[in-house]
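The sequence and model are shown first.

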Amino acid sequence: YLQPLLDAAMARGVTPAALARAAGLHDGALAPLPASLAAGDYLRLLDAGADLAQDAHFGLHVGECVKLGTYSVYGLVLLACRDFGQAFEQTMRYEALAHDLGRSRLSIDGASAHYQWISHYPAASRHLADSVFAGVQTFGRWLAGGLLPPAEVSFTHGSSADPREYERIFGALPRFNERMNAARFDASLLARPVPNADISLYPVLQQHAERLLGERE
């Protein structure tokens, strides 16, 4: 998520050097882009970006800057999935290849699917959960090739002074101060094909992802 964070900050006039200084890093820590970054440093950068940009919805805007390459190898695996159900399965398997901020879970309850994101940093500001869910929404639209039906999103954090930005991004106002960061949606979406997916690449990409996951573990 570091590149989307930098993109969102620069779009609001905040330079990487200023962002690094505000987060307690040296001026050149973010340019060129580091190969990896400690999660604690990322969280400080997220809050520093919100403060410097004076953007109460900075986390949401970071998520909107997500691109196909944001999720590294695991993102490529998703692009080779036959449908959204397989994409969710691969997310739960390979999410650790993109970040160590938290983990995804998916359960099915009759006609409803329930997605939950469990943060490894529950004391972090709301910008973390906002960036993750807005990123999932943005990437999901890439996979679908267009808009998706609104999900019932819930957050553990409270609402901001102006919740309209949540409505713009998620298509409906989330519930706040809930027990978990989650989204409930129609389970039929899991059978929706991923348009233009090159499923012939899936075995090769999965093998590569498994090797990287083994090295990480």
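## Largest pocket

In this predicted model, H1 provides the largest share of the lining of the largest pocket, 3 residues. The elements that give two or more residues to this lining are H1, helix H3 (39–53), H5 and helix H9 (202–216). The largest pocket holds about 610 Å³ of space.

In total, 23 residues line the largest pocket, and Tyr1, Ala35, Ser36, Ala98 and His99 lie nearest its centre. Sorted by class, the lining of the largest pocket consists of 16 nonpolar, 5 polar and 2 charged residues.

## Second largest pocket

The volume of the second largest pocket is about 220 Å³. Its lining is made up of 16 residues, with Ser119, Pro122, Ala129, Thr156 and Asn181 nearest the centre. Strand E2 (112–119) and H7 are the elements that give two or more residues to the lining of this second largest pocket.

Of these elements, E2 gives the most, with 4 residues. The class breakdown for the lining of the second largest pocket is 8 nonpolar, 6 polar and 2 charged residues.

## Enclosed cavity

How many cavities of 30 Å³ or more does the count give? The count comes to 1 cavity. The volume of the largest cavity is about 480 Å³. The largest cavity is lined by 27 residues, and the closest to its centre are Phe88, Val136, Gln137, Gly140 and Leu148.

H5, helix H6 (84–94), H7 and strand E4 (181–186) each supply at least two residues of the lining of the largest cavity. With 7 residues, H7 gives the most to that lining. By class, the lining of the largest cavity has 21 nonpolar, 5 polar and 1 charged residue.

## Salt bridges

The count of salt bridges comes to 14. One of them pairs the side chains of Asp7 and Lys67, with an N to O distance of 3.6 Å. This pair links distant parts of the chain, 60 residues apart: Asp7 is in helix H1 (residues 2–11), while Lys67 is in the loop between helix H4 (58–64) and helix H5 (72–79). Asp7 has a relative accessible area of 22% and is therefore partly exposed. Lys67, at 46%, is also partly exposed.

Arg126 and Asp130 form another salt bridge, their closest N and O atoms lying 3.6 Å apart. Both belong to helix H7 (residues 126–144), and because they are 4 residues apart there, about one helical turn separates them. Is Asp130 buried or exposed? Asp130 is buried, with a relative accessible area of 0%.

Arg164 and Asp162 also form a salt bridge, with the closest N and O atoms 2.9 Å apart. Arg164 is exposed at a relative accessible area of 59%, whereas Asp162 is partly exposed at 30%. Elsewhere among the charged residues, Glu64, Glu165 and Arg168 are joined into one network by salt bridges that share partners.

Ser131 is located in helix H7. Its relative accessibility is 0%, so Ser131 counts as buried.

Which residues does Ser131 touch, not counting those up to four places away in sequence? They are Tyr1, Tyr42, Leu46, Gly59, Leu60, Val62 and Gly63. One of these contacts, Tyr1, is also among the residues nearest the centre of the largest pocket.

## Cysteines

A disulfide is a covalent bond between the sulfur atoms of two cysteines. A search of the whole structure finds 0 disulfides.

Cys65 is buried, with a relative accessible area of 19%; the cut-off for buried is under 20%. Cys81 also counts as buried, at 0% relative accessibility.

Terms used
Residues are numbered from 1 along each chain as its sequence is written. This is a predicted model: local features need pLDDT of at least 70, side-chain atom pairs count only at pLDDT 80 or more; totals for chains, interfaces and linings use all residues. Side-chain values use heavy atoms; hydrogens and water are left out. A salt bridge is a side-chain nitrogen of Lys or Arg within 4 Å of a carboxyl oxygen of Asp or Glu. Buried means under 20% relative accessible area, exposed over 50%, partly exposed in between (1.4 Å probe, protein chains only). Contact means heavy atoms within 4.5 Å. A disulfide is a pair of cysteine sulfur atoms within 2.5 Å. On a 1 Å grid over the protein atoms alone, a cavity is a set of points where a 1.4 Å probe fits but cannot get out, and a pocket is an open set with protein on both sides within 12 Å along at least five of seven lines; lining residues have an atom within 4 Å of a point. Grid points are joined across faces, edges and corners, and a volume is the space filled by probe spheres set on the points. Ala, Val, Leu, Ile, Met, Phe, Trp, Tyr, Cys and Pro count as nonpolar, Asp, Glu, Lys and Arg as charged, and the others, Gly among them, as polar.
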